[in-house]
Amino acid sequence: MSRRLLDAVASLSANNPSLTALDLKNANCRAEGTGMLAQALKANSTLKYLDLRGNNIGDEGAHLIASALESNSTLLYLGLGFNGIGAEGAGCLADALQQNSTLLEIDLEYNQVSTQASRLQLQLQRNQCKRRPTPLSFSLSCTPTQPKY
């Protein structure tokens with residue numbers, strides 16, 4: 001595991017008040033590192049922006065992050081693009097958003113989540129409506145699966 005990831009987990013676990021954004025893009029987290037990160041995220045009350053793009057976390061890592069989202073009440077943005085997440089992982093994220101009302105944006109670009117995209121979109125729109133009476137924007141970035149003929 002990278003030093004960068006271990007330092008991030010330590011800062012999250014300490015609930016460092018100055019830590020509001022964490023960029024772990026291409027940090028080679030994989031599912032194992034994501035598990036450590038998710039545990040720290042569950043109890044964290046300061047982080048608002050988490051970028052995990054390009055870490056190959058797959059459905060297993062998405063499930064771990066989803067578990068953390070169920071109890072986290074501060075995260076507003078979650079970057080999960082380029083992670084090999086499929087419909088199963090996206091379904092876990094959509095389920096978690098039924099309990100999480102703070103997350104406003106998930107980047108799922110270049111994952112195979114098209115069958116769950118509408119569920120995720122509805123949950124994020126619900127969260128945005130709770131924050132302001134009229135949603136000004138919506139963002140769920142994903143790449144649809146190409147039909148196979």
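**Close-up views of the predicted model**

**Figure 1. Threonine 34 is a buried residue of the predicted model, with a relative accessible area of 0%.** The model shown here and in the following views is predicted. Threonine 34 belongs to helix α2. Apart from neighbours within four places in sequence, threonine 34 is in contact with Cys29, Ile57, Gly61, Leu64 and Ile65. With a relative accessible area of 0%, threonine 34 falls under the 20% limit and therefore counts as buried.

**Figure 2. Helices α2 and α3 pack with their axes within 8 Å.** Two packed helices are described by the angle between their axes and the distance between the axes. Helix α2 spans residues 30-43 and helix α3 spans residues 58-69, and their axes cross at roughly 5°. An angle under 35 degrees counts as roughly parallel, and α2 and α3 are therefore roughly parallel to each other. On the α2 side, the contact is formed by Ala31, Thr34, Gly35, Ala38, Leu41 and Lys42. These residues meet Glu60, Gly61, Leu64, Ile65, Ser67 and Ala68 of α3. Sorted by class, the contact of α2 with α3 holds six nonpolar, four polar and two charged residues.

Figure 3. Helix α3 contributes Asp59, Ala62, His63, Ile65, Ala66 and Leu69 to the contact, while helix α4 contributes Glu88, Gly89, Cys92, Leu93 and Ala96. The residues of the contact of α3 with α4 divide into seven nonpolar, two polar and two charged.

**Figure 4. Aspartate 95 is a partly exposed residue of helix α4.** Helix α4 covers residues 87-96. The relative accessible area of aspartate 95 is 38%. Aspartate 95 and glutamate 70 lie 25 residues apart along the chain, and their C-alpha atoms are separated by 8.8 Å.

**Figure 5. The largest nonpolar core has 38 residues.** Leu22, Leu80 and Leu93 touch the most other members of this core. Two or more residues are given to the core by each of α1 (3-13), α2, α3, α4, β4 (105-108) and α5 (117-131). Leucine 22 touches Ala8, Leu12, Leu37, Leu47, Tyr49, Leu50 and Asp51, residues up to four places away in sequence not being counted.

**Figure 6. Aspartate 23 is located in strand β1.** Strand β1 consists of residues 21-23. Aspartate 23 is partly exposed, at a relative accessible area of 40%. When residues up to four places away in sequence are not counted, aspartate 23 touches Arg4 and Asp51. Asp51 is also among the residues touched by leucine 22.

**Figure 7. Asparagine 28 and arginine 30 each have a positive phi.** Most residues other than glycine have a negative phi. Asparagine 28, which is not a glycine, has a phi of about 60°. Asparagine 28 lies in the loop between β1 and α2 and is partly exposed, at 48% relative accessibility. The phi of arginine 30 is near 55°. Arginine 30 is found in helix α2 and is likewise partly exposed, with a relative accessible area of 38%.

**Figure 8. The protein as a whole contains five helices and five strands.** Along the sequence, these elements follow the pattern α-β-α-β-α-β-α-β-α-β. The protein has 149 residues, of which 46% count as buried. Among contacts with a separation of 6 or more, 80% are between residues 24 or more positions apart. The protein exposes about 7300 Å², and carbon and sulfur atoms supply 51% of this area.

Conventions
Residues are numbered from 1 along each chain as its sequence is written. This is a predicted model: local features need pLDDT of at least 70, side-chain atom pairs count only at pLDDT 80 or more; totals for chains, interfaces and linings use all residues. Side-chain values use heavy atoms; hydrogens and water are left out. Axes are lines fitted to C-alpha atoms, for helices over the stretch in contact, and angles run from 0 to 180 degrees between N-to-C directions. Helices (H or I, at least four residues) and strands (E, at least two) are DSSP runs, numbered from the N terminus. Angles under 35 degrees count as roughly parallel, over 145 as roughly antiparallel, 65 to 115 as roughly perpendicular and the rest as oblique. Contact means heavy atoms within 4.5 Å. Ala, Val, Leu, Ile, Met, Phe, Trp, Tyr, Cys and Pro count as nonpolar, Asp, Glu, Lys and Arg as charged, and the others, Gly among them, as polar. Buried means under 20% relative accessible area, exposed over 50%, partly exposed in between (1.4 Å probe, protein chains only). Accessible areas come from the Shrake-Rupley method with a 1.4 Å probe; for residues, only the protein chains shown count as cover. A nonpolar core is a set of buried Ala, Val, Leu, Ile, Met, Phe, Trp, Tyr and Cys residues joined through side-chain atoms within 4.5 Å.
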